[in-house]
Amino acid sequence: MGSIRKTAAAIYAAFVFFIFSPAPLLGQNQVSSVSLSSELFRLETLAQGTEAVPARTRHNAFMELARLHRLMGNHLAVLRAYEGAHALFPDDGRMLLEYGRFLISIGEYQQAAGAINALLSRERERELLIHGRYLGAQLNAFHSGDTRLLSALAVDPDFAQHHSGIFYTLWRLTGLDRYRTHLATAFSQSPEAGIATGNVGFTATPLWLLFPGRESIILPSAAPLVAPPPVAPPLPSPAPPPVPAPAVSSGRFLQVGLFTQEANARSFAEQIGRAGFQPQIIQRQVNGRTHWAVGVNGGSDTNAMMRRLRDAGFEVFLLP
């Protein structure tokens, strides 16, 4: 009987591998493509697979789901995917790095600190530890406004690959022109310098700084644009004023942030209010836990409101 079970499990595993493995290329120049919905379905099926699907395969599927949903701005789905990957391999260094980045980007500083501390608490490859220390310095600067740790990395040769991003962050958080000047002279070909000097029109957000991909930006030779004003650090407010109650409207709720701490949600709502929007906070249950979603009402023209939010530098997601 035991051999029959083993044989059946092996057949099922082979079936899953056949169904969900990419088809082999028939020629060197052939390019295969699938729809986004099909790829999401494939990854969801792998991630939620049975015991026949290896844990590492499920983990990789969760990580790819996080990447795709992050590109679409679906923060809730990203959070679910990272939590799924974390549950399978809680000590995976690269997962902790990406998870920490995402948690910082949505203002979940305490959870982000936990992921980064777990990353740095063990002996890992040097490059991964450098990325982790840099992310920890960013977290400290974004959360407390204290830029001393980040400033120390700006003169550390081990962090040379991050220096342009460090000086850009220091300039945005402090508003000190000396950081902008140094960025423009020492790193003139970097995307950060292009934005700081006004030669590139771009909405700079923590998401852009935290996630890989900025190095792929091509700097066009264009007339200078007006440089964006310095952004104040997102310091938590000791006594935040009440957030306006949701207005009665037929518009859809546009989620801009999702938090596990109500205080963080209120602080983020204040940022939205200062940008000229009317913030709303609603409670949501995610994997059995209470979260606070921050957003605005879409009003009569949901698409126009989404464009306004994105133009203001916010990531937006339309709730069902």
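This is a predicted model: local features need pLDDT of at least 70, side-chain atom pairs count only at pLDDT 80 or more; totals for chains, interfaces and linings use all residues.

Trainee: Which residues of H6 are buried, then?

Mentor: Tyr-109, Ala-112, Ala-115, Ile-116 and Leu-119 are the buried ones in H6. Looking down the axis of H6, you'd find these buried residues within an arc of 120°, so they line one face of the helix.

Trainee: Why do residues three or four places apart point the same way?

Mentor: It comes down to the turn: an α-helix has 3.6 residues a turn, so residues three or four places apart point the same way.

Trainee: How do I check the length of H6?

Mentor: Go from its first C-alpha to its last. H6 has 12 residues and reaches 16 Å, close to the 16 Å expected at 1.5 Å a residue.

Trainee: And what covers the buried residues of H6?

Mentor: The cover includes helix H5 (93–105) and H7.

Trainee: At what angle do H6 and H7 pack?

Mentor: For a pair of helices, look at the angle and at the distance between the axes. Helix H6 (residues 109–120) and helix H7 (residues 126–144) pack at about 155°, and their axes are 10 Å apart. That angle makes H6 roughly antiparallel to H7, since over 145 degrees counts as roughly antiparallel.

Trainee: Is the crossing left-handed or right-handed?

Mentor: H6 passes H7 in a left-handed crossing. On the H6 side, the contact is made by Tyr-109, Ala-112, Ala-113, Ile-116, Leu-119 and Leu-120. Among the H7 residues in the contact are Leu-128, Gly-132, Leu-139 and Phe-142.

Trainee: How many residues does H2 have?

Mentor: H2 (residues 36–47) has 12 residues, and its reach from first C-alpha to last is 16 Å, close to the 16 Å expected at 1.5 Å a residue.

Trainee: Now zoom out for me. How many helices and strands are in the chain?

Mentor: The chain has 14 helices and four strands. Of its 320 residues, 44% are buried. Also, among contacts with a separation of 6 or more, 62% come from residues 24 or more positions apart.

Notes
Residues are numbered from 1 along each chain as its sequence is written. Side-chain values use heavy atoms; hydrogens and water are left out. Helices (H or I, at least four residues) and strands (E, at least two) are DSSP runs, numbered from the N terminus. The expected span of a helix is 1.5 Å times one less than its number of residues. Axes are lines fitted to C-alpha atoms, for helices over the stretch in contact, and angles run from 0 to 180 degrees between N-to-C directions. Angles under 35 degrees count as roughly parallel, over 145 as roughly antiparallel, 65 to 115 as roughly perpendicular and the rest as oblique. A crossing is left-handed if the near helix is turned anticlockwise from the far one by less than a right angle, and right-handed if clockwise. Contact means heavy atoms within 4.5 Å. Buried means under 20% relative accessible area, exposed over 50%, partly exposed in between (1.4 Å probe, protein chains only). The arc is that of the directions from the helix axis to the C-beta atoms.
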